[in-house]
Amino acid sequence: MTDSLPPGGAVLDADELDARWRDAWRPEQVAERLAGVGAPWCVAAGWALDLFRGGQSRPHGDLEIAVPAAGFPEIRDRFPAYACDAVGSGRVWAGAGADVLAVTHQTWLRDPVSGRFLFDVFREPHEGGTWICQRDESLRLPYEAIIERTADGIPYLVPELVLLFKAKEARPKDHVDFDGVLPLLSRSRRDALGGWLTRVHPGHPWLERLLKMSGKW
């Protein structure tokens, strides 16, 4: 993707990003606005893990949701008063057009009055109702297998996939999330995560913990 990005795009420093994400929405706010949407969207990343746990475990700097790329226009149409900024390789294209959207993966919804970002949309690769992992296109699952819902109906990405994505950078907060969620995972979830880590991130340090819990170490 990085080789095909168009010129332009602003680079925002860490302080500005923190300030502009200060009023990020919570999952229930997005879910209320997206009620009735046909595209299989779900809350992703750290908030998804907290929805799985049943309560907020730590502060979240933003809110991310995932949607099949072809379903993004339906999401965007629910927010006609807001701007959509494309993001890629540390740059932000304000009010991005179709050419930039076609070669990027993320979109930040922005309040045009305050300039604040409200939530982040991952536009995911897919084939019809089959989700495709961006990091390993051979990993494909039906959307009904990767999305679960809270008791009040908020859809979230299953924790084993959230942790697979967090494994790439494994920042301090990602290790905290792994430590907090691992004891809550069933044997089948642990086995799935272990298999995907072996496939996508072989040798990852989390594999030892998973193997020990499953009695395979």
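Me: How many cavities of 30 Å³ or more are there in this structure?
Reply: In this predicted model, the count comes to one cavity of 30 Å³ or more. The largest cavity has a volume of about 40 Å³.

Me: What makes this space a cavity, and which residues line the largest cavity?
Reply: A space is called a cavity because a 1.4 Å probe fits there but cannot get out. Around the largest cavity stand Phe72, Ile75, Arg76, Phe79, Cys84, Thr107, Trp108, Leu109, Phe119 and Val121. Two or more of the lining residues come from each of α4 (72-77), β5 and β6.

Me: What makes another space a pocket, and what volume has the largest pocket?
Reply: A pocket is an open set of points, whereas from a cavity the probe cannot get out. The largest pocket has a volume of about 1100 Å³. Its lining comprises 39 residues, and closest to its centre are Glu64, Gln106, Phe122, Arg135 and Arg171.

Me: Which element supplies the largest share of the lining of the largest pocket, and how do the lining residues divide by class?
Reply: Strand β2 gives the largest share, with four residues. Among the elements that supply at least two residues each are α1 (14-20), α3 (45-53) and β6 (117-124). By class, the lining of the largest pocket has 21 nonpolar, six polar and 12 charged residues.

Me: Why are β8 and β9 called paired strands?
Reply: Pairing requires at least two bridges. Three bridges join β8 (residues 130-132) to β9, so the two strands count as paired. They run antiparallel, and Trp131 stands opposite Leu141 in β9.

Me: Why are β7 and β9 called edge strands?
Reply: The open sheet has the order β7-β8-β9 with antiparallel pairing. Strands β7 (126-127) and β9 (140-142) each have a single partner strand, so one side of each is left without a neighbour in the sheet.

Me: How do you know that helices α9 and α10 meet, and at what angle do they pack?
Reply: Contact means heavy atoms within 4.5 Å, and by that rule Arg190, Leu193, Gly194, Leu197 and Thr198 in α9 meet Trp206, Leu207, Leu210 and Met213 in α10. These residues divide into six nonpolar, two polar and one charged. Helices α9 (residues 187-200) and α10 (residues 206-213) pack at an angle of about 145°, with their axes 10 Å apart. The crossing of α9 past α10 is left-handed.

How values were computed. Residues numbered from 1 in each chain as written. Predicted model: local features only at pLDDT ≥ 70, side-chain atom pairs only at ≥ 80, totals over all residues. Heavy atoms only, no water. Axes fitted to C-alpha atoms, helices over the stretch in contact; angles between N-to-C directions. Left-handed = near helix turned anticlockwise from the far one by under 90°. Nonpolar A, V, L, I, M, F, W, Y, C, P; charged D, E, K, R; others polar. 1 Å grid on protein atoms, 1.4 Å probe; cavity = no way out; pocket = protein on both sides within 12 Å on 5 of 7 lines; lining within 4 Å. Points joined across faces, edges and corners; volume = space filled by probe spheres on them.
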